[in-house]
Amino acid sequence: MRKVKLLLLPILIFSFIALNFNGCTKKALTKVRVNEVTHSIFYAPQYVAISQGFFKEEGLEIELTNGGGADKVMTALLSGQCDIGFMGPEATLYVYNQGKEDHPVNFSQLTKRDGSFLLARKPDPNFTWDKVKDKHIIAGRKGGMPEMTLEYVIRKHGMIPNKDVKCDTTVQFNLMAGAFTGGTGDYVALFEPTASMLEKEGKGYIVASIGKDSGELPYTVYSAKKSYIKKNKDIIQKFTNAIYKGQLWVEKHSYEEIAKSIKPFFPDAKDDLLVTVVKRYKDQDTWAKDPILKPEALDLLQKIISEAGELDKKVPYNKVVTTEFAEKAIKKVK
């Protein structure tokens, strides 16, 4: 028996070491720093991808920070404070036209509509856009997608921004709700959950969906510098795989299930509020079904930006977009 024990001892030690080594290997995740333009239920598929463990399945750990505006996200991306920027693709167009060699490239799309809503000071179930004529709207940062999309909708309804209606771009993105409740403006354009929270508090009332009225746009995308993509193709692919898994999960699950999945990211929001907002976004077909940013979508985006007077010249699609990773994700993820 003693001989048998002596023979078994090395085997047991080796097995223990092997098991622990494999366990450590499985737990070793690659950290990816992501800077998001703002924190909103609008980005539900991203939070689902995190909470459902899709990034971990791909071997990634997401360090998520709030940039508070596309301009700030782009600054963080260019300065190396983050690896991936999550923002409107307009920021990449601006940087490309500035002639920067190592400019960011958009590799994955998450949303396909504007996620903001127009709020008035009183309920208006019969709202029509002509009612904003001669009024004051807190519109967002000049040159940002929310502000430019709002102007696009105003033009669609036969009015000229800052002639027929004042589009106030002096208020910082994160301070827009506070400015409105403090007495500034007749209307304000806000993202969720802020819009619904104001409505529940009786401080503002949703009268229109800017995303519904503007149509489909490549509204929010993931971008990384050319150099980062070139050196980290495996990370970009795994990241895109996880995002696509999140998109598929959101498409197949109920409002309540989605709300439950993203609850950890909005701990202070009541469950019924989360469900309300998720329903609003899902019913208006807000989220992209896959990560591919299509040429015609970028063309419309550039048209809107040009009309807003923010784009000097059109940017070639293949200079600021790659669909390589999105196409592979669609083939791989089922």
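## A walk through the predicted model

Let's start with an open sheet: five strands sit in the order 7-6-8-5-9, and their pairing is mixed. Strand 7 (166-168) and strand 9 stand at the edges with a single partner strand each, so one side of each has no neighbour in the sheet. On average, neighbouring strands of this sheet are turned by 30° against each other, direction ignored. Keep in mind as you look around that this is a predicted model.

Now step inside the sheet. Strand 5 and strand 8 (residues 187-191) run antiparallel, and five bridges join them.

Is serine 209 buried or exposed? With 11% relative accessibility, serine 209 counts as buried, because the cut-off for that is under 20%. Leaving aside residues up to four places away in sequence, serine 209 touches Ser116, Phe117 and Gln284. With glutamine 284 there's a polar contact as well, 2.8 Å between the two side chains. The side chain of serine 209 also has a polar atom lying 3.0 Å from the backbone nitrogen of lysine 212.

Next stop: lysine 112, which you'll find in the loop between strand 4 (104-111) and strand 5 (116-120). Here the relative accessible area is 12%, so lysine 112 is buried. What does lysine 112 touch, not counting residues up to four places away in sequence? The list is Gly215, Glu216, Leu217, Tyr219, Asp285, Thr286, Trp287, Ala288 and Lys289. With one of these, aspartate 285, lysine 112 makes a polar contact, side chain to side chain, at 2.9 Å. Isoleucine 236 is another matter: its C-alpha atom is separated from that of lysine 112 by 21 Å, and the two residues are 124 residues apart along the chain.

For a lysine with another setting, look at lysine 260, found in helix 12 (residues 255-262). Its relative accessible area is 69%, so lysine 260 is exposed, the cut-off for that being over 50%. Eleven residues along the chain lie between the positions of lysine 260 and aspartate 271, and their C-alpha atoms are separated by 7.8 Å.

While we're on helices, take a look at helix 2 (residues 44-51). This helix is mostly covered, with six of its eight residues buried. Which residues of helix 2 are buried? They are Ala44, Pro45, Gln46, Tyr47, Val48 and Ala49. Just after helix 2 comes glycine 53, which takes a positive phi of about 80°.

Last, a word on the cysteines. Cysteine 82 counts as buried, at 5% relative accessibility. Cysteine 167 is buried too, with a relative accessible area of 5%. How many disulfides does the model have? The count comes to zero, going by the rule that a disulfide is a pair of cysteine sulfur atoms within 2.5 Å.

Note on methods
Residues are numbered from 1 along each chain as its sequence is written. This is a predicted model: local features need pLDDT of at least 70, side-chain atom pairs count only at pLDDT 80 or more; totals for chains, interfaces and linings use all residues. Side-chain values use heavy atoms; hydrogens and water are left out. Helices (H or I, at least four residues) and strands (E, at least two) are DSSP runs, numbered from the N terminus. Buried means under 20% relative accessible area, exposed over 50%, partly exposed in between (1.4 Å probe, protein chains only). Contact means heavy atoms within 4.5 Å. A polar contact is a pair of N or O atoms within 3.5 Å; within protein, one must be able to donate a hydrogen and the other to accept it, and residues adjacent in sequence count only if both atoms are side-chain atoms. Two strands pair if DSSP finds at least two bridges between them. Axes are lines fitted to C-alpha atoms, for helices over the stretch in contact, and angles run from 0 to 180 degrees between N-to-C directions.
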